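Take a walk through this fold with the coordinates open.

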Amino acid sequence: MRISYFQVNAFTSSPFGGNPAGVCVLGDWLPDELLQKIAAENNLSETAFFTREEDHFHLRWMTPAVEVDLCGHATLATAHVIFSELGEAKERLWFRTRSGRVSAARRGEMIELDFPSRPPVPCAAPDLLTAALRRTPMKVLKSRDYVAVFATEADVATLQPEMALVSQLDSLGLIVTAPGTQCDFVSRFFAPQVGVPEDPVTGSAHSTLVPYWAGRLGKSELCAKQISWRGGDLYCRLAGDRVGIAGRAITYSRGELHLPYP
């Protein structure tokens with residue numbers, strides 16, 4: 001069995017920046033166990049799998065360890081493949097996912113994702129969180145993930161979390177964020193719980209970061225940077241209970257997976 005496969009760097013225009021995602025083009029769904037093995041073999045933060053269903057696509061995302069409910073960079077990568085590699089003429093794509101219906105639309109040189117907004121709510125800082133970060137944040141909030149807010153970009157850039165402790169938090173991951181020096185805000189994202197110690201660029205985290213920073217800064221359009229070792233640029237907007245997350249993407253490789261069918 002042969003599967004068309006692409007590796008795409010999302011939220012960047014550099015072949016060595018952004019967040020790499022695997023994208024598998026399926027005619028029909030394969031067994032979940034096989035999909036998870038493919039994601040583990042790829043060993044990227046996420047591998048996306050999709051099928052075409054009449055006027056939309058069915059999209060799923062897997063880390064090397066588990067299937068996740070929402071992934072921004074692999075959705076951007078999938079949309080890039082459909083637009084740029086498969087020649088889709090439509091201006092907007094619709095996806096059926098575990099988080100409901102989401103879309104991706106052309107915006108000049110960028111693609112904008114339409115995702116659900118997941119505003120965080122203030123909470124007490126768990127002792128485990130401060131121990132994991134080795135610092136006490138100014139504020140802690142929680143949605144799907146914990147959000148630790150710091151005063152400066154340098155605070156976020158120099159963090160060296162203890163991953164064994166982060167993996168024990170009662171959340172999918174941990175977002176750290178602060179005001180940016182050359183953008184509205186910066187962030188980093190850690191999710192050793194699902195096999196991703198530090199994610200290079202995390203679109204889904206911005207479903208939580210955008211409503212927080214929009215409220216704090218009093219503006220609905222925001223420029224963000226994820227300051228991981230690879231780095232990524234995100235152009236965001238808050239639209240009621242939805243967030244727009246736009247960025248560039250570039251194909252790094254294209255080929256085929258040669259697999260046995262069970």
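With which residue does E67 form a salt bridge, the closest N and O atoms being 3.9 Å apart? The partner is R98. A salt bridge here is a side-chain nitrogen of Lys or Arg within 4 Å of a carboxyl oxygen of Asp or Glu. E67 sits in strand β5 and R98 in the loop between β6 (92-97) and β7 (100-107), so the pair ties together parts that are 31 residues apart in sequence. Helices (H or I, at least four residues) and strands (E, at least two) are DSSP runs, numbered from the N terminus.

Some ground rules come next. This is a predicted model, in which local features need pLDDT of at least 70 and side-chain atom pairs count only at pLDDT 80 or more, while totals for chains, interfaces and linings use all residues. Residues are numbered from 1 along each chain as its sequence is written, and side-chain values use heavy atoms, with hydrogens and water left out.

Back to E67. Its side chain also meets that of R60 in a salt bridge, at 2.9 Å from N to O. Burial splits by relative accessible area: buried is under 20%, exposed is over 50%, and partly exposed is in between (1.4 Å probe, protein chains only). R60 is buried at 11%. E67 is partly exposed at 23%. R98 is exposed at 54%. A network of salt bridges links D32, R60, E67 and R98. The structure holds 22 salt bridges.

Another pair is R242 and D114, with the closest N and O atoms 2.9 Å apart. R242 is partly exposed, at 22%. D114 is partly exposed, at 22%.

Now the strands. Two strands pair if DSSP finds at least two bridges between them. β10 (residues 139-142) and β11 (residues 146-149) run antiparallel, joined by four bridges. They form a hairpin with three residues between them. V140 has A148 as its bridge partner in β11. β11 also runs parallel to β12 (residues 174-179), again with four bridges. There, V149 is partnered by T177. In a regular strand the side chains alternate between the two faces of the sheet. In β11, Y146 and A148 are on one side, V147 and V149 on the other, and all are buried.

Helix α1 (residues 32-42) buries L34, L35, Q36, I38, A39 and N42. Their cover includes β1 (2-10), β3 (46-53) and β18 (249-258). Just after α1, N43 takes a positive phi of about 55 degrees. Most residues other than glycine have a negative phi. F11, in the loop between β1 and β2, has a positive phi near 65 degrees. F11 is buried, at 1%.

In helix α2, find T78. T78 is buried at 0%. Beyond four places in sequence, T78 touches V23, A48, F50, L59 and F95, where contact means heavy atoms within 4.5 Å.

Finally, look inside. The largest cavity is lined by 17 residues, with E46, F189, D199, T202 and S204 nearest its centre. Elements giving two or more residues to this lining are α2 (72-85), β13 (185-191) and β14 (196-199). A cavity is a set of points on a 1 Å grid over the protein atoms alone where a 1.4 Å probe fits but cannot get out, and lining residues have an atom within 4 Å of a point.

How values were computed
On a 1 Å grid over the protein atoms alone, a cavity is a set of points where a 1.4 Å probe fits but cannot get out, and a pocket is an open set with protein on both sides within 12 Å along at least five of seven lines; lining residues have an atom within 4 Å of a point.
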